[in-house]
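Here's a quick briefing to read with the model open.

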Amino acid sequence: MSQNGRADELSRETAGPDLDRGRASAEQRGLTDRASFVVGEAAQHAQAADLVISIGAYQAFGTIPEALAELRKLVRPGGRLLFGAEFWERPPTEAELGQMWPGIDANACLYLADLVDAAVTAGFRPLRIGTATGDEWAEFESGLAADIEEWLLDHPDHPEAAGLRNKLDAQRSIWLRGHRGVMGFPYLTLGVPAHGEP
């Protein structure tokens, strides 16, 4: 199996419990006829809706401004977009950039004000602008790795264990030595006019 094939399989495997919870929650609320849960490329499955949620997934559509423009096409008149994407809290140093993802540079993220301006340019109106706290980001990063770390404790000699350990160690280093305290994460509630353009 190719590296991408393994990553896709792991993604489906780790997304499975989340999808099961989502389906069960939709069923409990009587929303099964209005909600569907799909594993795949967001750009291929996106459909127009009254509420669109894109949290940390703008890359599916390109840059942040490109994503906002594409997402605007998906939000029906009078609808809402809940949008989240990394932004610079402050200019990163060269040393910090060197500890982040391969290929990242100072132009990879916007500042919060510029991110909100990009949303307005795309045709949205900002209804709420919130940001994650440092503790919330730490909970996210820790939670992202927790299930696989637990699996590794139970399967230390599995043929995939060393590769997974290396991946988790690299991800943790990117967070703790790279973007921690440098990046922020917003939760933007963006509205679309019910009639016409803003």
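In what order do the three strands of the open sheet come? They run β4-β3-β6, with mixed pairing. This is a predicted model, so local features need pLDDT of at least 70 and side-chain atom pairs count only at pLDDT 80 or more, while totals for chains, interfaces and linings use all residues. Residues are numbered from 1 along each chain as its sequence is written, and side-chain values use heavy atoms, leaving out hydrogens and water.

**The open sheet**
- β4 (110-111) and β6 (183-184) sit at the edges with a single partner strand each, so one side of each has no neighbour in the sheet.
- Strand β3 (residues 87-88) pairs with β4 in the parallel sense over two bridges; strands are DSSP runs of E, at least two residues, numbered from the N terminus, and pairing takes at least two DSSP bridges.
- Phe87 stands opposite Leu110 in β4.

**The nonpolar patch**
- Leu51, Ile53, Ile55 and Tyr187 make a nonpolar surface patch of about 380 Å² (residues with over 30% relative accessible area and no salt bridge, nonpolar side chains joined within 5 Å; a salt bridge is a Lys or Arg side-chain nitrogen within 4 Å of an Asp or Glu carboxyl oxygen; areas are Shrake-Rupley with a 1.4 Å probe).
- Strand β1 (residues 49-55) gives the most to the patch, three residues.
- Ile53 lies in β1 and is exposed at 55% relative accessible area (exposed is over 50%, buried under 20%, partly exposed in between).

**Around Leu127**
- Leu127 is in strand β5 (residues 125-131) and is partly exposed, at 44% relative accessible area.
- Not counting residues up to four places away in sequence, Leu127 touches Arg80, Thr189, Leu190 and Gly191 (heavy atoms within 4.5 Å).
- Leu127 and Val192 are 65 residues apart in sequence and 9.9 Å apart in space, C-alpha to C-alpha.

How values were computed. Helices (H or I, at least four residues) and strands (E, at least two) are DSSP runs, numbered from the N terminus. Buried means under 20% relative accessible area, exposed over 50%, partly exposed in between (1.4 Å probe, protein chains only). Patches are made of residues with over 30% relative accessible area and no salt bridge: like charges are joined within 9 Å, nonpolar side chains (Val, Leu, Ile, Met, Phe, Trp, Tyr) within 5 Å.
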